[in-house]
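I opened this entry to look up ring contacts and open spaces. Notes follow in the order I took them.

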Amino acid sequence: MPALYIGHGAPPLLDDPTWSGQLAAWAGDLPRPTAILIVSAHWESAPVSLSASGAPLVYDFGGFDQKYYRMTYETPDATALATRIAAMMPSTEPVHQHASRGLDHGAWVPLRIMYPDADIPVLQMSLPTSDPVRLMKLGERLRPLRDEGVLIIGSGFLTHGLPFLTDYRLDAPAPGWSKDFDAWAGEAMARGDVDELAAYATKAPGMPYAHPTVEHYTPLFVTLGAATTPDEPGLQVIDGFWLGLSKRSLQVA
């Protein structure tokens with residue numbers, strides 16, 4: 001099973017036929033997962049924490065149509081996967097099993113598009129750090145799950161400078177900082193240059209506007225760590241912009 005880094009968008013992504021179609025087609029090209037482990041930008045918590053199967057969705061957004069707050073995404077029990085992950089972690093990386101936290105919108109919004117039947121167990125893992133090296137190591141520990149058919153997804157947004165947007169149309173032109181960061185990251189991904197990607201804070205153009213906070217970028221390193229050979233170029237399946245933000249997404253083998 002490959003591993004993915006995807007842009008997840010806000011709830012209106014569910015009504016965007018272009019991006020939704022791209023995500024749905026991508027999922028259709030993948031082998032059917034036995035389970036899905038997703039790391040979302042919207043859950044930063046240490047130590048590593050896991051969501052609770054059957055818990056209500058987290059509606060961690062505001063100002064949108066009420067229909068989004070009534071949506072559900074009820075998936076099969078993922079307790080077995082949670083137990084498996086806890087057993088994979090060393091004593092230096094304890095795992096907290098959250099008793100009541102469900103999937104946040106960085107998980108359920110794209111998964112409603114990619115796997116609309118909600119018939120695959122889904123587990124969400126928190127981002128325990130923003131350090132690319134530590135996140136790569138976490139992805140490496142999770143790598144054996146791919147041989148068991150588990151789809152590992154890092155869910156963020158390749159640029160996420162929301163405070164600096166002035167045009168909120170879905171097809172708004174990308175600001176210069178978003179285009180520059182996207183081009184830099186796309187070129188580094190095409191080279192398999194993990195060191196360059198990890199040095200984004202000092203090497204990437206468009207900073208800090210592209211990422212005034214970095215949690216939408218750093219899930220990429222869980223995905224890269226889960227790759228069989230992290231410095232082999234992956235497949236950039238989706239590119240382009242949404243609200244002027246880069247939706248570039250990556251698949252690694």
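I started with a charge over a ring: R101 lies over the face of W43, and I noted 4.2 Å from the ring centre. The model is predicted, and I read every value here as computed from it.

Next I went through the aromatic pairs. I found 16 of them in the structure. One of them joins W19 and F157, with 5.6 Å centre to centre and 50° between the planes. I logged this pair as tilted.

I then looked up where the two partners sit in the chain. W19 belongs to helix α1 (residues 17–29), while F157 is in the loop between β6 (150–156) and α5 (176–191). The pair links distant parts of the chain, as the two residues are 138 residues apart.

The largest pocket holds about 290 Å³ of space. I listed 20 lining residues, with A10, F64, L162, W242 and L243 nearest the centre of the pocket. The lining divides into 13 nonpolar, six polar and one charged residue.

For the second largest pocket I wrote down a volume of about 230 Å³. This pocket is lined by 18 residues, and G54, A55, Y73, E74 and T75 are the closest to its centre. I sorted the lining into eleven nonpolar, six polar and one charged residue.

Notes: Residues are numbered from 1 along each chain as its sequence is written. This is a predicted model: local features need pLDDT of at least 70, side-chain atom pairs count only at pLDDT 80 or more; totals for chains, interfaces and linings use all residues. Side-chain values use heavy atoms; hydrogens and water are left out. On a 1 Å grid over the protein atoms alone, a cavity is a set of points where a 1.4 Å probe fits but cannot get out, and a pocket is an open set with protein on both sides within 12 Å along at least five of seven lines; lining residues have an atom within 4 Å of a point. Grid points are joined across faces, edges and corners, and a volume is the space filled by probe spheres set on the points. Ala, Val, Leu, Ile, Met, Phe, Trp, Tyr, Cys and Pro count as nonpolar, Asp, Glu, Lys and Arg as charged, and the others, Gly among them, as polar. Rings of Phe, Tyr and Trp (its six-membered ring) pair if their centres lie within 6.5 Å; planes under 30 degrees apart count as stacked, over 60 as edge-to-face and the rest as tilted. Helices (H or I, at least four residues) and strands (E, at least two) are DSSP runs, numbered from the N terminus. A charge sits over a ring if NZ of Lys or CZ of Arg is within 6 Å of the ring centre and within 35 degrees of the ring normal.
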